[in-house]
Amino acid sequence: MKTALPCLLVLLSAACPLRAADAKPAGQPAVKMGGASAGTNTLLIVCDNGMEFTNGRVAYRGNVQVLDGDMSLNCELLTVYFPTNFGSLDVIVAETNVFITQADSLAVADRVVYNATNEIVTLTGNVIFDTPQATLAGEVITYNLRTKQGRIESKVVNIISTGAGAKFMGSNAFSIPVPGNKPATK
Amino acid sequence: MRVRPSFSSRGWRWPLFLCLVVAVICVCLPLRAQLKQMPALKDFKIVDYFSREEMQRGQTNQVKNLFTGAEAQQRPGGLVLVRQMRIDNFRPDGGTNFIVRMPECIFDYVDRTAQSTGRIEVASGDRQFLISGREGFSCRLTNTLIILSNRVRTEIHHNLISLAKP
């Protein structure tokens, strides 16, 4: 048996390099990941806890940040909906601790829905809408980015302060030209 | 008086050793042959077609997904290590819906899934929508579900938003 062991070792050592070659770590391939850098004509979304992508819906989780020019939105869950494939963008829904800033304006809500087809933003749940012209609080506030007019839908309306430029047209409707609010179409 | 057979005699050792050697050769040689049969596949293409249920009326395009890769190596469990993989997903009208690019991934041919701890880039056909992740992903192409881990960056071109406006 003394000669058998070396023979077995020789045979096994012949077989082992095959496995070793099989398990060799792959080198870093030099693949150029394309993509445009975030310019002024792009809306940038970053998140910390990953995202799910399906046909017609993209969901971002954890410390989501949306940057669009001078507008910044922070939330915990952001969902982007597409009507058909990726031809255009339909609705963007921001949920949980939504915080929007633009120039001197600020909006806080539990949920914000932006409809790209009619450019109406709907803020719901503990809404505070603060601009240099006025500070509003309510449960539901809708704001049209095209006409710069909004409406407080809920019964509880708290107009904290008003300044020059803000108009209140009764029936909870208001008009506030948000400073620095650029046209959505470029 | 019975004589017990002696197993310690030299006559038993060599047949036993030879049997052992033959057994080892029988195990190792097929393994070696099997590995030799699976060389790295270069510049491969796999086409995935729309199923009969998915086909729409008057649809001429039948290609749903096109998988291309620079190199593929067989891995245990029916998995394939693919380098520079690209998945083109097509709409029923033939236009490109989205493109997925991965420098490296483990691809399950049967389940049509791809996984990696590395980078991924998903772009719409017109590149108006671009998602990139660097910390792992999982793709299931049968129902188009892509999950990106940890930090993810997305760029949406304003044209995509303005296209929704009437």
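So, what percentage of the 186 residues in chain A is buried? It's 22%, where buried means 20 or more other C-beta atoms within 10 Å of a residue's own, exposed means 12 or fewer, partly exposed is in between, and the C-beta atoms are placed from the backbone.

Quick housekeeping. This is a predicted model, with local features needing pLDDT of at least 70, side-chain atom pairs counting only at pLDDT 80 or more, and totals for chains, interfaces and linings using all residues. Residues are numbered from 1 along each chain as its sequence is written, while chains are lettered from A and ligands numbered from 1 in the order in which they are written.

Now the core. A nonpolar core is a set of buried Ala, Val, Leu, Ile, Met, Phe, Trp, Tyr and Cys residues joined through C-beta atoms within 7 Å. The largest one here has 58 residues, and Leu78(A), Met85(B), Val100(B) and Val122(B) have the most contacts inside it. Strand S4 of chain B, residues 96–108, gives the largest share, five residues.

Contact means C-beta atoms, placed from the backbone, within 7 Å. Leaving out residues up to four places away in sequence, Val100(B) touches Ile87(B), Ile120(B), Val122(B), Cys139(B) and Ile146(B).

Last one: Val47(B), in strand S1 of chain B, residues 41–49. Why is Val47(B) exposed? Because Val47(B) has 12 C-beta neighbours inside 10 Å.

Methods: Helix = DSSP H or I, 4+ residues; strand = E, 2+ residues; numbered from the N terminus. Contact = placed C-beta atoms within 7 Å.
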